[in-house]
Amino acid sequence: MSIENKKTAIDGGNHAALWHGRFQEGPDAAAVEFETSIYADMRLAQDDITGSIAHAGMLGKTGIIPADESAAIAAELAKIADEIKSGKLAIDTSAEDIHSFVEGVLTDRLGNTGKKVHTGRSRNDQIALDERLYLRHAVPELQAEILKLIETLASIAEKHTETLVSGYTHMQRAQPVTLAQHVLSWSWMLKRDYERLSDMVERINLSPLGSGALAGSGLPLNREMVAESLGFAGVTQNSLDSVADRDYCIELASDLSILMMHLSRFCEEVVIWSTEEFKFIDLSEKWSTGSSIMPQKKNPDFAELIRGKTGRVYGDLMALLTIMKGLPLSYDRDLQEDRENLFDAYDTVFNSLQIFNAMIGTARWNTDRMAASCTGGHANATDLADYLVRKGMPFRVAHEVSARSVRYCIEHQCNLEDMPLEEYRKISDLIENDVYEVLPADCCVKARLTTGGPAPERTKEQIKKLQQFIAECRS
């Protein structure tokens with residue numbers, strides 16, 4: 001953009017900047033474009049109006065402005081809200097911010113009465129209110145997507161409580177589990193993500209309005225009245241902190257980063273599992289892409305994109321932390337930069353949840369390939385040790401016996417379940433023919449009956465608890 005020294009609509013009139021009275025000339029056009037936040041603020045329009053209606057109602061009830069003017073302001077603001085929602089009224093992007101736009105339209109329509117809406121408040125406490133109002137309804141919408149994904153995963157688990165698959169540590173085959181157990185592990189991570197967001201919403205549920213620019217107001221405002229009318233649990237307790245605080249933005253971005261990290265880990269496994277080497281999962285063609293040069297390719301691009309976008313959300317969190325790290329109290333214009341990062345993190349996670357849900361919900365599972373992963377690699381070695389423990393052998397000794405048995409199998413290229421009994425008895429005379437009853441992969445899984453374990457009855461308990469959690473959250 002070329003820098004030209006020309007005046008804009010910000011200089012005067014009803015759509016002038018809310019601070020223009022101090023200045024004899026308006027800012028340069030380049031300065032206006034640089035400082036505007038209207039593009040980020042636009043999504044706050046309805047919440048800005050909701051807050052203004054509550055504020056106007058309080059001004060009228062306390063007698064700070066006449067009751068009839070308070071009612072007129074509230075009625076006109078409601079009309080403006082409806083017109084913006086329907087598209088009849090377009091938001092003017094030449095306005096400095098959403099507050100200026102709404103107040104400008106109100107003043108156009110009501111004249112001096114409209115100019116009374118800002119009595120006793122500042123854009124500093126106004127934006128803090130708008131963001132809190134927005135997050136109070138936006139976060140539950142995000143949580144609804146989390147519940148949908150948990151529901152999808154629980155549905156997959158219900159169908160695969162006995163579908164064997166190797167569990168891994170260090171990306172090496174470790175012990176046999178089930179597909180149900182694996183996808184349920186994802187579900188419990190998501191449940192914690194949901195709960196973290198609920199905790200965050202509780203902390204933002206306080207109204208900062210009435211804190212003014214930084215020092216409250218000399219007018220007899222009733223902050224508690226506004227808070228109650230807006231459904232807040234109460235009011236913030238320090239006017240300086242109220243306008244300077246962006247903890248709720250940082251906390252949300254942090255929660256979203258953890259959630260995105262979980263999605264990224266899920267996607268990493270989907271990418272690995274969809275390789276020819278694993279071939280555990282076959283993604284729908286609707287959620288795969290091809291190659292511009294290699295005709296045979298079927299790429300898990302959507303899983304990779306979610307994994308990649310995790311870095312973007314981390315960046316949003318780091319940007320917010322960096323914006324705040326050196327700010328003196330109370331308000332600084334740097335805080336205007338919070339919205340783009342906050343909304344970007346929110347939108348990225350929201351979209352990623354929807355995409356992952358659709359992708360995983362339409363995938364096909366190669367159960368034969370999964371079951372085959374449980375043979376070879378001696379993943380039942382721990383079960384052999386447990387067998388000996390049940391016969392009275394100390395675990396550390398049993399571990400050594402099992403390790404020696406694995407060594408025999410490696411040298412003779414066989415599996416533990418195929419090792420001859422006479423060879424077992426050369427290592428320990430506690431091993432008897434019943435050892436072959438505990439070594440098959442399905443027996444290993446069924447024996448793991450501890451709470452949270454992969455035995456079918458235990459995974460069914462997990463599914464039931466998650467379904468109860470979903471029902472409680474939706475009730």
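**Figure 1. Overview of the predicted chain.** The secondary structure of the chain comprises 18 helices and six strands; helices (H or I, at least four residues) and strands (E, at least two) are DSSP runs numbered from the N terminus. This is a predicted model, in which local features need pLDDT of at least 70 and side-chain atom pairs count only at pLDDT 80 or more, while totals for chains, interfaces and linings use all residues. Residues are numbered from 1 along each chain as its sequence is written, and side-chain values use heavy atoms, with hydrogens and water left out. Of the 475 residues in the chain, 50% are buried, that is, under 20% relative accessible area with a 1.4 Å probe and protein chains only.

**Figure 2. The largest nonpolar core.** This core has 72 residues, and F356 and I360 have the most contacts inside it. A nonpolar core is a set of buried Ala, Val, Leu, Ile, Met, Phe, Trp, Tyr and Cys residues joined through side-chain atoms within 4.5 Å. Among the elements that give two or more residues to this core are helix 6 (123–159), helix 10 (247–273) and helix 12 (338–361). A second, separate core of 31 residues includes L59, I65, I73 and V117.

**Figure 3. Surroundings of I360.** Neighbours within four places in sequence are left aside; the contacts of I360 then include L149, L153, W186, V270 and W365. Contact means heavy atoms within 4.5 Å.

**Figure 4. The aromatic pair of Y134 and Y346.** The two rings are edge-to-face, at 6.4 Å centre to centre and 65° between the planes. Rings of Phe, Tyr and Trp (its six-membered ring) pair if their centres lie within 6.5 Å; planes under 30 degrees apart count as stacked, over 60 as edge-to-face and the rest as tilted. Y134 belongs to helix 6 and Y346 to helix 12, so the pair ties together parts that are 212 residues apart in sequence. Both Y134 and Y346 are buried.

**Figure 5. The aromatic pair of W273 and W365.** These rings are also edge-to-face, with 6.2 Å centre to centre and 75° between the planes. Because W273 lies in helix 10 and W365 in strand 6 (residues 364–365), the pair ties together parts that are 92 residues apart in sequence. W273 and W365 are both buried. One aromatic cluster includes W273 and W365 together with Y168, W186, F266, F278, F280 and F356.

**Figure 6. Charges over rings.** The charged end of R43 sits over the ring of F343, 4.3 Å from its centre. The charged end of R136 sits over the ring of F232, at 4.2 Å from its centre. The criterion is NZ of Lys or CZ of Arg within 6 Å of the ring centre and within 35 degrees of the ring normal.
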